[in-house]
Amino acid sequence: MLLKPRKFKNYKIKKNRLHGLNYNSKILTKGVYGLKALDYTRLTSKQIETIYMTINRMLKKQAKVYINIFPDVSVTSKNIDSRMGKGKGDIKYWVCLVKPGKILFEISYVNENLALKALNYGASKLSIPTKIVKLSKNL
C-alpha cells in the first residue's frame, strides 16, 4: 500500500524549491544503523515503499525497520492536449522533499553485516548518493 496523507489542509500545494541543509534529523533516533541522503531529491511514495520492501526482504523480518520520511507534498499534472487555463490539474502522486543529511531509514535488532548488506541493497534503488551511518556509543 502506497503512503499518502489521510487528511490534508491544502489540497494542491505549490512546488517547493529544495535549498539549504537538513538540521533537524541528522542523527539516529530509533535504530542502530541508518541510510542518510547526501543530495537533494523528491522521493515518491512508490520509491519509499520499494526501498522498504527490499530492505525487509533482505532482513527476512528479523529486524525492525523504521521509515523516517513521509510523502506529504502532492504533485499535480494536467493532460498534454489540454489548453491553457482552467485551473490546476489533478493530483497524480505524493512526494517527500529530502535535503542532504536526512536519515531516510533506520534498522535495529540486527547484526552489523546483515544490516549493511540490506541498506546497500536499499540504497541501490535510490537515484541519489547515500551513506550508511552507525549509532556512536559515546552519546
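This note reviews the fold of one chain, its two helices and a few individual residues.

1. Basis of the model. The structure is a predicted model, in which local features need pLDDT of at least 70, side-chain atom pairs count only at pLDDT 80 or more, and totals for chains, interfaces and linings use all residues. Residues are numbered from 1 along each chain as its sequence is written, and side-chain values use heavy atoms, with hydrogens and water left out.

2. Overall architecture. The chain contains two helices and seven strands. These elements are DSSP runs numbered from the N terminus, a helix (H or I) having at least four residues and a strand (E) at least two. Read from the N terminus, their order is β-β-α-β-β-β-β-α-β. Taken along the principal axes, the C-alpha atoms fill a box of roughly 55 × 30 × 25 Å.

3. Of the 139 residues, 37% count as buried. Here buried means under 20% relative accessible area, exposed means over 50%, and partly exposed lies in between, with a 1.4 Å probe and protein chains only. A contact means heavy atoms within 4.5 Å. Among contacts between residues at least 6 apart in sequence, 80% join residues at least 24 apart.

4. Helix 1. The 15 residues of helix 1 should span 21 Å at 1.5 Å a residue, and the end C-alpha atoms are 21 Å apart, which agrees. The expected span is 1.5 Å times one less than the number of residues. The buried residues of helix 1 are Ser 45, Ile 48, Glu 49, Ile 51, Thr 54, Ile 55, Asn 56 and Leu 59. They pack against strand 2 (41-44), strand 3, strand 5, strand 6 and helix 2. Arg 57 also belongs to helix 1, but this residue counts as exposed, at 55% relative accessibility. From C-alpha to C-alpha, Arg 57 and Gly 122 are 10.0 Å apart in space, while in sequence they are 65 residues apart.

5. The loop after helix 1. Lys 60 lies in the loop between helix 1 and strand 3 (64-67). Just after helix 1, Lys 60 takes a positive phi of about 55°, although this residue is not a glycine. Lys 61 is in the loop between helix 1 and strand 3, and has a positive phi of about 60° although it is not a glycine. Lys 60 counts as exposed at 65% relative accessibility, and Lys 61 is exposed with a relative accessible area of 73%.

6. Helix 2. Helix 2 (residues 112-123) has 12 residues, and the distance from its first C-alpha to its last is 16 Å, close to the 16 Å expected at 1.5 Å a residue. Its buried residues are Ala 115, Ala 118, Leu 119, Gly 122 and Ala 123. Seen down the axis of helix 2, these buried residues fall within an arc of 135°, so they line one face of the helix. The arc is that of the directions from the helix axis to the C-beta atoms. The face turned away from the buried side carries the exposed residues Asn 113 and Lys 117. The cover over the buried residues of helix 2 includes strand 1 (33-37), helix 1 (45-59), strand 6 (103-108) and strand 7 (130-134).

7. How the two helices pack. The axes of helix 1 and helix 2 are 8 Å apart, and the helices pack at an angle of about 150°. Helix 1 is therefore roughly antiparallel to helix 2. Angles over 145 degrees count as roughly antiparallel. The contact is made by Ile 51, Thr 54, Ile 55, Met 58 and Leu 59 of helix 1, and by Leu 114, Lys 117, Ala 118, Leu 119, Tyr 121 and Gly 122 of helix 2.

8. Ser 74, in a strand. Ser 74 is placed in strand 4 (residues 73-77). With 5% relative accessibility, Ser 74 counts as buried. Leaving aside neighbours within four places in sequence, Ser 74 is in contact with Tyr 11, Lys 12, Ile 13, Ile 91, Tyr 93 and Trp 94.

9. Asn 79, in a loop. Asn 79 is found in the loop between strand 4 and strand 5 (90-98). This residue is exposed, with a relative accessible area of 54%. Asn 79 and Gly 89 are 10 residues apart in sequence and, from C-alpha to C-alpha, 8.0 Å apart in space.

Definitions and conventions. Axes fitted to C-alpha atoms, helices over the stretch in contact; angles between N-to-C directions. Parallel < 35°, antiparallel > 145°, perpendicular 65-115°, else oblique.
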